[in-house]
Amino acid sequence: MEEQGTNKNSRRQFLKKGLLAGAGVAVGGGILTVNAGKPAGESGEKVKVMTTKGEIMEVDKAMLKLPRVSIAESHHGIPGKKFVMVIDLGKCKNARKCVEGCQRGHHLPKSQEFMKVYLLQDAEKTSPYWFPKPCFHCDNPLCVSVCPVGATFKRTDGIVLIDNNRCIGCKFCMTGCPYSTRVFAWKHYPEFDEDKEPYSPEASSPGKEGTVSKCDFCPDLIRVGKVPYCVSACPMGVIYFGDVDEDTVTNGTETFQFSELIRDRAGYRYLEVLGTRPCVYYLPPVERQFPVDRGFNDLDVSVKNRYINTPYAKKHKL
Amino acid sequence: MENNEQTLLKEFAPQLERTSIQGYIWILFLICVIGIGVFAFIQQVTKGHEVTGMRDNVVWGIYIVNFIFFMGVSYAGALISGTLHLFKTAWRKPVIRMAEFITIISLLIGPGYILLCIGRLDKLYYLVLFGRIQSPITWDVIAISTDIFGCFIFLYLALLRDLANMRDFEELQLPKWRKKFYKIIALGYTGTDEQKKRLERATDIMAAMVIAIAIIVYSVLAWIFSVTLQPGWHSTIFGPYFVIAAVYSGSAVLILAMWFFRKVYHLEKYITKKHFVAVGVIMLVLAAFFGYFTFSDYLTKWYGSEKNDELLIQLLFKEFYWPFIISNYIGVLLPLIVVGIAKFRTITNITITAVVVIIALWLNRYLIVVPTLQSPYLPIQDSRIEWSIYSSTWVEWSLTAAGIALFCLLFTIASKFIPIVTIAGNTQETKSEDVLV
């Protein structure tokens, strides 16, 4: 609680500073909030780490090991928060760093992706684009409604989590989700054993055979003031993460006012017609920074083969 | 009348007293098939669900298809026997027992298939411990357990008079434990007027209840699919559609069972062409309904041609062409032709039609479950073929075969304990048998 209080205060301070300096303040290497003063639980021992921008920085050792809340505690959202994600489709070039960062952070095998990158094309004549898709953490989540045992739940901060200790593996939530977000552990993957910490739904790790899991918006990182793995891993700054109530979103380098960003860039939610009310917004793929083809560069054959059946790849014989 | 029942029972005695060598071979064969299924199940438990063909997109495969199928057959048994009983249909006596057996036995097997889809069987009791009423699966758990309970009572009431008959029939050469068994479960029914009256009332009430429960339960099962947003499942017609499809499949299974027991136990005297035609007519009416619902469902999807519905229909007419034709064209038209035209109406033809209908309806469920999961809103982009196209593995097929074998085995065993044709009161209707057909 104490730590949360500190975060909350520092975030307010940060917001004040941010507003004073105007939008677009650079924040060091994917740190969501700058902790003013000595945060609770600091060991005093410093270690050197490399940020996503390649800079070396010193952090407290206690910061590296993320504290995990208990299963019971994970049912309560972080007080006063309502998280949101904004994905700028104009900047994505299918570098897949978000996928890899997420898999490392959650100790996932290659075959399980919480973040997936699709190559979409809405109509024959429209332009194709890369579409990173996390869990949408819907405000009207069908997956939560259909769960027979309450293993998946919606928190006050908007995050939808899964408790794999409770999950019986009926997979009804997987058919309930219209966005193919959820993944199932079809066997025990060796990667699950990498994580020696006790299980927490906030970390979605270690995974468990025969249960469902998915993107969790990394509440364990948020609690220590960091942004989710996919956000900090993306070299293009495609993914913004933030709080609707504070009206800020950041990709680690740039910070924007959420409402302004959505207004000015015509942000939208995917498949709004389904009425699931996602918490993930997309900025349309305009003013592209890369041609779509670039996304085919440096891909593993197995990854590249995913896209060979898309109309675009067929047309251009990619 | 008591004498009549005694003579009848005498005639059926060999069926209860002895098992032929062929009978033993048959039972042994079934046990072997079940054994392979058990081996497959052990594989699935030890190696994980990876041994099945199910993956992240197609999360439900032929296990769910079998689940819907067996539950359907069961509800059909309940509906047919309940209706025949309530309307006091003259020709029902020789076939109603089979319908009741079909109900109970498939009701015992069906839910087993949903368990095979569950990733963590060790936590199954959470369904009761942490059950959430908002979830259609909880509705299903409540509905199915109510159904099992209701059907058992109905079957038991229907059996009581025959159980008492067997207890009282001393010529029956059976081991002592079996005689004792009949004595216990006959509950001291002796056929006094008061007992008869009460039994009749109770059976009437249960028959009506079983019909209602069956409709509710099968609708709930349909809602598991239609409450989701998936293209092809999100349909208001699914409740009644599933109920009709269920009764349709059940009428076909009943015809097959009639044919089978008629051959094995030489019941030509009791189960005649009339019975085949009568149940065949029921099948014909249901075929027409089923065809109407199917047409109605696909027509609206196709005509409006919403993007994802269109993709689904394309998939059905390309990758699933033959299953689609067999299930939704041949499966509808064949009964209309064979039973509808008098000169085709023979026992063999009706039975062959029933077999085709059973296959068609199994495929129909497959076409409801799999193609929808293969065409989600976001296109499946995966280089691994088994993650985008469902193809069931030997594990799933062996467990499917084991389920069918278990159905046959339980049916065979049941027929060894209780006459497959209702004895009590069977003779009284023989005169009025010509009323319907």
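Reader: What makes helix 4 of chain B roughly antiparallel to helix 6 of chain B?
Author: The axes of helix 4 (residues 93-117) and helix 6 (residues 136-168) of chain B come within 10 Å and cross at roughly 150°. Axes are lines fitted to C-alpha atoms over the stretch in contact, with angles from 0 to 180 degrees between N-to-C directions. Under 35 degrees is roughly parallel, 65 to 115 roughly perpendicular, over 145 roughly antiparallel, and the rest oblique. So helix 4 of chain B counts as roughly antiparallel to helix 6 of chain B.
This is a predicted model: local features need pLDDT of at least 70, side-chain atom pairs count only at pLDDT 80 or more, and totals for chains, interfaces and linings use all residues. Residues are numbered from 1 along each chain as its sequence is written, while chains are lettered from A and ligands numbered from 1 in the order in which they are written.

Reader: Which residues of helix 4 of chain B meet helix 6 of chain B?
Author: On the helix 4 side you'll find B:Glu100, B:Thr103, B:Ile104, B:Leu107 and B:Pro111. Their partners in helix 6 of chain B include B:Ile144, B:Cys151 and B:Leu155. Contact here means C-beta atoms, placed from the backbone, within 7 Å. By class, that contact has nine nonpolar, one polar and two charged residues.

Reader: Why are helix 6 and helix 8 of chain B called roughly antiparallel?
Author: Helix 8 (residues 193-226) of chain B packs against helix 6 of chain B at about 155°, with the axes 8 Å apart. That angle is therefore in the roughly antiparallel class. Their contact has 25 nonpolar, three polar and two charged residues.

Reader: Which residues touch the most other members of the largest nonpolar core?
Author: B:Tyr248, B:Leu254 and B:Met283, out of 205 residues. Such a core joins buried Ala, Val, Leu, Ile, Met, Phe, Trp, Tyr and Cys residues through C-beta atoms within 7 Å. Buried means 20 or more other C-beta atoms within 10 Å of a residue's own; 12 or fewer is exposed, and in between is partly exposed. Beyond four places in sequence, the contacts of B:Leu254 include B:Ile80, B:Val95 and B:Val279.

Reader: How many residues does chain B bring to its contact with chain A?
Author: 35 residues of chain B are in contact with 38 residues of chain A. Helix 6 of chain B gives the largest share of the chain B side, three residues. By class, that side has 15 nonpolar, 12 polar and eight charged residues.

Reader: What percentage of chain A is buried?
Author: Buried residues are 47% of its 318.

Definitions and conventions. Helix = DSSP H or I, 4+ residues; strand = E, 2+ residues; numbered from the N terminus. Contact = placed C-beta atoms within 7 Å. Nonpolar A, V, L, I, M, F, W, Y, C, P; charged D, E, K, R; others polar.
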